[in-house]
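Look at the sequence and the model first.

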Amino acid sequence: MKPTLIYYVAASLDGYIARPDGSVDWLEAVENTDEDHGYQAFYDSVDGLLMGRATYESVLGFGGDWPYPGKPCTVLTRAKLPRKAPEVRISHASPSDALAALARKGCKRVWLVGGGSLAGSCYAAGLLDELVVNVIPHLLGAGIPMFATGLERRLQLREQRSFSTGVVQLHYQLLPEAEVP
C-alpha cells in the first residue's frame, strides 16, 4: 500500500519557497523565534522522507549533522551526490517507485521535503495526499514556486492555525480527481 505523501512546506505569501537562486534566508526571521509552528509534532508524525536534489544540496550546505536522523530519506536525482547519513538513499527512481521502496521499509507517512519540481512531479502523478503550507508573512516577488506545474486540483481544508509570528498554517487534503469540477 502506498504511504500517505504530505508536502509540508514554508512559502511566502506570494507562493514561493525560495529566492530565484534557491536561498531561503528570508525564513530566518521566523526561524529565530521560540515558536516551532507545529514542526516537531509534524516531524514526529512521519516515518520517512522524500527529497529532491536541490533541497538535499541545500541541507548539505547548512553543514552540521544530518537534521533528520533515524528516518529513511530517499533523494531523487540523476547526480552522484554524497550520502550525508546512513538513512539517506540517493536514487534515480521515479517518485512512485521511491514511495514503494519507502513503503517496503515500513513507512506509512512520508514527508515530501521539497522542492517545487519534485512536488510538481508528485502532484502531476497523483501521488500527493496532503498539503501543509506554512504561509510566511513575506512577499518575495519572484523565486522557486511551491509547485513547478500548472495543474488544477481542488483541496479540502482540514485545519488552519495562526501564530504570533504572523505565520498561518493551512492543512489541506487533496480531493480525488473525480471530485474536481
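Glu 130 pairs with Arg 109 in a salt bridge, with 3.8 Å between the closest N and O atoms; the term stands for a side-chain nitrogen of Lys or Arg within 4 Å of a carboxyl oxygen of Asp or Glu. Because Glu 130 belongs to strand E7 and Arg 109 to strand E6 (residues 109–114), the pair ties together parts 21 residues apart in sequence. Strands here are DSSP runs of E, at least two residues, and helices are runs of H or I, at least four residues, both numbered from the N terminus.

Glu 130 also meets Arg 158 in a salt bridge (3.0 Å, N to O). Arg 158 lies in strand E9 (residues 155–162), so this pair joins parts 28 residues apart in sequence.

Glu 130 is buried, at 5% relative accessible area. Arg 109 is partly exposed at 26%, and Arg 158 is partly exposed at 47%. Buried means under 20% relative accessible area, exposed over 50%, and partly exposed in between (1.4 Å probe, protein chains only).

## Lys 2 and helix H5

Lys 2 forms a salt bridge with Asp 129, the closest N and O atoms being 2.6 Å apart. Lys 2 sits in the segment before strand E1 (4–12), and Asp 129 in the loop between H5 and strand E7 (130–136), 127 residues away.

The buried residues of helix H5 (residues 116–124) include Leu 118, Cys 122 and Tyr 123. Just after H5, Gly 126 has a positive phi of about 75°.

## Basis of the values

The model is predicted: local features need pLDDT of at least 70 and side-chain atom pairs pLDDT 80 or more, while totals for chains, interfaces and linings use all residues. Residues are numbered from 1 along each chain as its sequence is written, and side-chain values use heavy atoms, leaving out hydrogens and water.
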